[in-house]
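Let's walk through this structure together, starting with charged side chains and moving on to a helix and some aromatic rings. Have the sequence and the 3D view open as you read.

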Amino acid sequence: MMQRRQILRTLVLAGIGSVLPRPLRAFGVGKGALQFLVVGDWGTGGALQRKVAAAMAAVAAKTPPDAILSVGDNIYTNGVDSVDDPQWQSKFERIYDAPALAVPWWAILGNHDYRGSVKAQIDYHRKNPRWNMPSTYWRTTFRTDDGVTSVDVLGLDTQQLLTKSAGWQQQVAWVEQTLGTSTARWRFVLGHHPMRSYGHYGDTAVLVREVQPILNRHAADMYFSGHDHDLQVIRHPDDTFLSAVSGAGGGVRKTEQGTHSLFAAAHGGFMSVRVDAQQLDLHVHNADGAIVHHVRRQPRS
């Protein structure tokens, strides 16, 4: 029987911590494990997005996720104008409408989202509580009901870091402070722009310079991104964490197998990640939902 549990949301908005005791009903793979889907660059409204969404629903029906993590470029091509923009219906609500996907979405901003109203993406939670973007960067914590397995998820605003717009140094300090005080068993960081990539855009220099040392220092486990429209898993020798590019939710772009690649493919798809107290299992799924790569890692000491 599926185990029901509560998820504690701990949000840190622009460096200010608060606990929101708003329990969510969630059905997962067992009370000692947490399950997530990760997808990016999805909001095209096109045939590939619909195909990937159907595959996500099929996987979620078999192994119910606790949340879906969206790594940006949520609505193409120019974001949304308001919470009433019809694109919310045509590119989100009507595509991810399968019952198995009726779980919380935790989203960050991509460069295309910045072409529209950032405030509208933050405020859309008021219209649909399934959508969560409490600020341009945020933290949330997931815990199993037995309290043994926990995941801190940090959502970054990499567009701010890339352009070094007002407040970017404050965000870097927030990452340092938030990871430095984390007591979670696992630590995931989401950023739209890839830390490491052998795709069209390659590594993002400002992230390697400003964020990578912090992730190493505080033993982050995963850095999930999109931006490159492909699927990649990279184990770079300079990093204590794995880099996973899941940017093929709505479009595809050529990629390559690089020196430190564990996997690379230029086709539509998404990722799933399962964690318990003993291990993390990352699966890469193609647009049909089939598993095309799997990597396992142990928690830090």
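A salt bridge here is a side-chain nitrogen of Lys or Arg within 4 Å of a carboxyl oxygen of Asp or Glu. The whole structure holds 12 salt bridges. Before we look at some of them, please keep in mind that this is a predicted model, where local features need pLDDT of at least 70, side-chain atom pairs count only at pLDDT 80 or more, and totals for chains, interfaces and linings use all residues. Residues are numbered from 1 along each chain as its sequence is written, and side-chain values use heavy atoms, with hydrogens and water left out.

Start with Arg196 and Asp239, whose closest N and O atoms are 2.9 Å apart. This pair links distant parts of the chain, 43 residues apart: Arg196 sits in the loop between β11 (186-190) and α6 (205-210), and Asp239 in the loop between β13 (231-234) and β14 (242-246). Helices (H or I, at least four residues) and strands (E, at least two) are DSSP runs, numbered from the N terminus. Buried means under 20% relative accessible area, exposed over 50%, and partly exposed in between (1.4 Å probe, protein chains only). Arg196 is buried, at 6%, and Asp239 is buried too, at 9%.

Next, find Asp281 and Arg296, with closest N and O atoms 2.7 Å apart. Asp281 is buried, with a relative accessible area of 5%, whereas Arg296 is partly exposed at 45%. Elsewhere, Lys119, Asp123 and Arg126 are linked in a network of salt bridges.

Now turn to helix α1. Its 16 residues reach 23 Å from first C-alpha to last, close to the 22 Å expected at 1.5 Å a residue; the expected span is 1.5 Å times one less than the number of residues. Among its buried residues are Val52, Met56 and Val59. The buried residues of α1 pack against elements including β5, β6 (67-70) and α2 (87-93) (contact means heavy atoms within 4.5 Å).

Finally, the aromatics. Rings of Phe, Tyr and Trp (its six-membered ring) pair if their centres lie within 6.5 Å; planes under 30 degrees apart count as stacked, over 60 as edge-to-face and the rest as tilted. The count comes to 16 aromatic pairs. One of them is Trp42 with Trp105, edge-to-face at 5.4 Å centre to centre and 65° between the planes. Both Trp42 and Trp105 are buried, and they belong to an aromatic cluster that also includes Trp88, Phe92 and Tyr96.
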